[in-house]
Amino acid sequence: MKNKNLWTVIVTALIAGLIGGGIAFGVGNYINNRQAESETAVPSGSNSTGTTKTSNVNVNVSSQSEKAYSSIKNAVVTVINLKKESSNSNNSLYGSIFGNSSSSSNSSSKSNNLETYAEGSGVIYKKSGNAAYVVTNNHVISGSNAVEIIMSNGKKLSAKVVGKDSVTDLAVLKINSSEVSTVASFGNSNSIKVGETALAIGSPLGSDYATSLTQGIISAKKRTVATTNESGQETGEATVIQTDAAINSGNSGGPLINLAGQVVGINSMKLASSGSSGTSVEGMGFAIPSNEVVTIINQLIEKGKIVRPAIGASLLDLTDITASQQKSILKLPSKVTEGAVIYNTYASSPARNAGLKKYDVVTNLDGTKITSVATLRDKLYKLKVGDSVKISWYRGSTLKTGIIKLTETTSELSSQDK
């Protein structure tokens with residue numbers, strides 16, 4: 001049986017080889033003949049007129065992303081930070097075009113002239129009577145002498161700063177509502193899911209690219225990142241939504257929306273490089289969650305500022321501390337794996353008055369388990385200034401408890417290790 005099969009295979013192989021060779025030979029002759037014909041043939045087409053046309057076929061593209069964008073795009077604006085012209089701008093191209101003199105006699109009048117210092121984005125979220133309200137980032141309008149809004153239709157409007165908050169990097173502006181046709185709505189940022197589609201709208205690189213749309217996903221719901229001021233000094237931490245939707249300079253203050261067209265975040269920053277090595281980073285943008293945005297902008301309209309409770313300490317996530325440091329420096333029991341580590345306290349602060357010190361690990365505040373700096377902040381912002389609440393922390397292997405009275409702010413208190 002095996003021998004018969006072997007001969008069958010051999011015969012089949014030979015036949016296949018002959019057939020294959022025949023096909024190759026035949027195709028070769030055919031190609032050679034056609035090539036010879038093509039070398040002598042003359043094209044018969046006419047070039048007397050150009051008759052190429054586009055095909056009259058319409059593709060009806062309808063997606064949820066397109067619908068979400070269309071529902072909110074007219075509420076997205078460009079925010080312009082205007083500052084007084086600096087003295088060295090007298091010789092600028094625009095100065096010469098409009099006849100500005102560089103003589104000292106005109107220096108006083110020039111100090112009243114304004115020039116664009118920065119451009120960002122914003123979103124109109126409320127309309128009341130003849131006023132409409134825009135939320136943007138504080139850093140977009142920081143240091144401005146005046147603020148302008150460019151509507152989606154290109155119309156420019158003057159804006160008044162209602163209130164701003166550097167801690168959350170949010171600001172509220174007020175404009176005339178006569179040009180406002182669309183108002184955005186806020187979604188519940190606690191309901192978003194990692195992996196769901198996210199759309200970012202704004203003016204990347206400025207008003208030339210206004211109402212640009214980028215698409216990505218929610219990469220993380222609650223990410224704690226360091227915040228800095230204009231001098232590059234770290235001012236605290238923010239709990240933000242991470243997304244890989246493209247966010248560039250000028251997108252700041254614009255909305256991050258879900259597929260229902262609801263604002264789930266306000267785009268605030270992106271990570272461009274990491275660490276001292278300056279490793280290039282792609283697809284890591286951050287937005288302030290809408291639930292926090294709503295809380296802040298309501299207070300800004302009501303009071304013009306944010307009044308928030310504080311314990312008066314700088315903190316780190318315990319999970320960011322290496323296992324060896326947790327053992328050698330913090331000396332925690334093995335069962336303690338989460339919490340907020342105090343690495344700095346302020347003089348006369350609630351934390352110091354309650355007896356907390358550097359390297360203490362806060363694990364509970366007012367009955368809420370503290371697993372990170374973010375959960376501690378979330379709990380604090382649900383309390384009120386002046387509240388006295390129970391706090392628990394580990395100092396080494398010892399669990400301690402005390403009462404801490406929350407104050408309004410600690411930003412102006414001197415920072416001292418203890």
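**A chat about loops and cores**

Trainee: Which residues is S189 in contact with, leaving aside its neighbours within four places in sequence?

Mentor: S189 is in contact with K221, I241, V264, P289, S290 and N291, once those neighbours are left aside. Contact means heavy atoms within 4.5 Å. Before we go on, this is a predicted model, where local features need pLDDT of at least 70, side-chain atom pairs count only at pLDDT 80 or more, and totals for chains, interfaces and linings use all residues. Residues are numbered from 1 along each chain as its sequence is written, and side-chain values use heavy atoms, with hydrogens and water left out.

Trainee: Got it. Is S189 buried or exposed?

Mentor: S189 is buried, with a relative accessible area of 6%. Buried means under 20% relative accessible area, exposed means over 50%, and partly exposed is in between (1.4 Å probe, protein chains only).

Trainee: And where does S189 lie?

Mentor: In the loop between strand 6 (170-176) and strand 7. Strands (E, at least two residues) and helices (H or I, at least four) are DSSP runs, numbered from the N terminus.

Trainee: New topic: what is D360 in contact with?

Mentor: Beyond its neighbours within four places in sequence, D360 is in contact with A340, V341, I342, G355, W393, Y394 and R395. D360 sits in the loop between helix 8 and strand 17, and is buried at a relative accessible area of 1%.

Trainee: How many residues apart are D360 and W393 along the chain?

Mentor: They are 33 residues apart, yet their C-alpha atoms are separated by 6.3 Å. Their side chains are joined by a polar contact of 3.3 Å. That term is a pair of N or O atoms within 3.5 Å; within protein, one must be able to donate a hydrogen and the other to accept it, and residues adjacent in sequence count only if both atoms are side-chain atoms. A side-chain polar atom of D360 also lies 2.7 Å from the backbone nitrogen of K357.

Trainee: What about Y359, what is its phi?

Mentor: Near 80°, a positive value in a residue other than glycine. Most residues other than glycine have a negative phi. Y359 is partly exposed, at 38% relative accessible area.

Trainee: Last one: how many residues has the largest nonpolar core?

Mentor: It has 40 residues, and those with the most contacts inside it include V79, L173 and I175. A nonpolar core is a set of buried Ala, Val, Leu, Ile, Met, Phe, Trp, Tyr and Cys residues joined through side-chain atoms within 4.5 Å. Apart from that core lies another, of 20 residues, among them L315, L356, L365 and I370.
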